[in-house]
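Please work through each task before reading its solution.

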Amino acid sequence: MDSSSSWQLAKDSLWPLLQGMVFGTIPLTAISFALGLVVALFLAIARMSKLWFLSAFAAAYISVIRGTPLLLQLFIIFYGLPSIGVVLDPWPSAILAFSLNVGGYAAETIRAAILSVPSGQWEAAATVGLGKSATLTRVVLPQAARVAVPPLSNTLISLVKDTSLASAVLVTEIFRKAQELAAPTFQFFLMYGLAAAYYWVVSQTLTVIQGRLERRLNRKVAK
Amino acid sequence: MSTLLKVTNLSKRFGETQVFENISFEVPAGSVTAIIGSSGSGKTTILRSLNGLEKPESGTVEISSAKVDYSSRLSVKTLAALRSQSGMVFQGNNLFGNLTALGNITIGPVKGHGVNRLEADQLGRLLLEQVGLAGKEGSYPHELSGGQQQRVGIARALALKPKVLLFDEPTSALDPELVGEVLSVMKRLAKTGWTMVVVTHEMSFAREIADQVLFIDKGQIVESGSAESVLKNPQQNRTKEFLQRIIGDYEI
């Protein structure tokens, strides 16, 4: 294939790849991250609980998630669960795997962020009549957010790229699109290069948003 | 004057260390009690036991209708009932860093005690004005000076309409030039009839406004009585030594 037809193929691939990003990678990342944060918050609270079985469960969960490959977790859910009668489609499988994974990683971040808020804040809240959950949601978490945003942004940006693993369970996101476009033409370098460029743009955009969010949180909260 | 706050046989240990033992005292309604003593004497821990921030092993604390017996298991409800009797001002102010001055004052009444937002805002503005901070409603704690922060802390405590105000060394973390503005607010409160328990190192302040002074050393009340008798005419050697130490040229 000469260079002019490569150029043509590249132009023709821009749109399908963008579709893979916009309708595959981005929603997969957004949904998994949001659910993952919910899982993480509950795990973080369980980890700090005085009830030993809650804390032990959270610790075990985090240990398993961090101690095994994400690809393997994905395969267990998509290829493994059917053998015990649980059959999930590609999208639900991928979302489940990624949210459970993000939950495990972000739990420690959130726990550390909550612990970084001085105990005096809890004490003051108790003296003005706030219960534990009101203190957590109205006083502690807003302040913990400032500490948690940088590491959570890292998790999010990693997740954008990790969702490429979903191609292995038949989710049509950008990486799978690139594979499909490259296979018939053998233009692997070109297609994967374009996909890489898309990933980079999204990651950079998130980095810029992270910076703004950090500045905004810093303005409000005492240093 | 009737007794508003009554402490009976309060004892607390941290592991092997006895923090205080058999502390008993009473605070009449509308009076000011100053708790003095060197650092590590246990005075702050005693104050924090009055609202359950510290939990002694035994002894009782009664404030108005609420009573807590620390030797029995405490329910969240009993503890909340005790806490609702008092407002506390902390040494390090402990203002909520994510809330404005007004937000700091109203969150307790609104989220803790079910007061409606409008009413709480109104009270909050009034209290800010009373502590000399009208116009600072929207300022975040880190935008205020230490003295201003502490005055917001006082307004936050007042907003709970408590029976008694607890002050834990409210001026010891402040720059010297900011101490005066906080003390003057406290003096005004004392004169308007608030019942106050104040842990303090400010002896001249204690002499001026305290009706009762408790001198704590090594976890015991060594001497107690009127400010006049304890501060000007102490009977115990330990009190004399302490006062000499803290007020260099103190003459007895």
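**Exercise 1.** How many residues has α3(B), and what distance does α3(B) reach from its first C-alpha to its last?

Solution. The model is predicted: local features need pLDDT of at least 70, side-chain atom pairs count only at pLDDT 80 or more, and totals for chains, interfaces and linings use all residues. Residues are numbered from 1 along each chain as its sequence is written, with chains lettered from A and ligands numbered from 1 in the order in which they are written. Helices are DSSP runs (H or I, at least four residues), as strands are (E, at least two), numbered from the N terminus. α3(B) has 13 residues and reaches 19 Å, close to the 18 Å expected at 1.5 Å a residue; the expected span is 1.5 Å times one less than the number of residues.

**Exercise 2.** Locate the kink in α3(B).

Solution. A kink of about 35° lies at Ile107(B), shortly before Pro109(B); the bend is the angle between axes fitted to the seven residues ending at a residue and the seven starting there. Just after the helix, Gly114(B) takes a positive phi of about 70°.

**Exercise 3.** Is α3(B) largely enclosed or open?

Solution. A residue is buried if 20 or more other C-beta atoms, placed from the backbone, lie within 10 Å of its own. Twelve of the 13 residues are buried, so α3(B) is largely enclosed by the rest of the structure. The cover includes α6 (132-162) of chain A, and α4 (117-130) and α5 (146-158) of chain B.

**Exercise 4.** Describe the side of chain B that touches chain A.

Solution. Contact (C-beta atoms, placed from the backbone, within 7 Å) joins 22 residues of chain B to 18 residues of chain A. The largest share of chain B's side, five residues, comes from α3(B).

Note on methods
Two residues are in contact if their C-beta atoms, placed from the backbone, lie within 7 Å.
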